[in-house]
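Subject: Structure handover

Hello,

Here is the structure I said I would pass on.

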Amino acid sequence: MRWDDADWRPWRPEEAAERLDGLDAPWCIAAGWAIDLFVGYERREHEDLEIAAPDDAFPNIGALLDGLDFYAVGDGEVTTFDDAPDRVAATHQTWGLDRAAFEWRIDVFREPSAGGEWICRRDDRIRLPYDEVIERTADGIPYVRPEVALLFKAKAARPKDDGDLNDALPLLGRSRRALLHDWIALVHPDHAWLERLA
């Protein structure tokens, strides 16, 4: 199966939060939606919905989202866990297919972690306790702190990623900008964003 065999009709963050209520593991909305939740309003259209959670929490997520079939994603292909366990181990993205509607609903990032700490998959020197990685909206929706979302967005730095930085930056205090600067300098030492964050 290819990733484009089915269309995306993603859940919204509040739907994911409702479905994952009671999950006994740290999880959060990630990527562009996380920036929207941080700034407090929906700034742009989103093609998908990504969440992040420790890799070892994935079986519990799958159990709560039992109407979905999950596929590991990489190189334009999607593969069931049973068909290619090696591919699953080598990837972090996991798309959930609503089997009844044949539409993608959610992308679960299976993240490295140890001892209650999130570990950055781009550079394992970047680590934080989960209670410092996850922030919450006024109504309790967990989202990844913007510095983490923007660190991952820096790799591609597409126009929408530049827009995410533009909207988040005025709301980040000096220490948070410095943290993002240091992380990007570590992972992408010649990145164009560094001058803006200095």
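Strand β3 (residues 50-54) pairs with strand β7 (residues 103-111) in the parallel sense, over five bridges. One of the contacts to look at is Glu50, whose bridge partner in β7 is Asp107. Please keep in mind that this is a predicted model.

β3 also pairs with strand β2 (residues 28-29), and here the two run antiparallel, joined by two bridges. Cys28 stands opposite Ala52 of β3.

Is β3 buried or exposed? Five of its five residues are buried, so the strand is largely enclosed by the rest of the structure. Buried here means under 20% relative accessible area.

Another pairing involves strand β4 (residues 68-74) and strand β5 (residues 77-80), which are antiparallel and share four bridges. Val73 has Val78 in β5 as its bridge partner. The two strands make a hairpin with two residues between them, and Asp75 in the turn has a positive phi of about 55°.

Elements giving two or more residues to the lining include β3 and β7, along with α2 (31-39), β6 (93-98) and α7 (159-168).

Regards

Definitions and conventions
Residues are numbered from 1 along each chain as its sequence is written. This is a predicted model: local features need pLDDT of at least 70, side-chain atom pairs count only at pLDDT 80 or more; totals for chains, interfaces and linings use all residues. Side-chain values use heavy atoms; hydrogens and water are left out. Buried means under 20% relative accessible area, exposed over 50%, partly exposed in between (1.4 Å probe, protein chains only). Two strands pair if DSSP finds at least two bridges between them.
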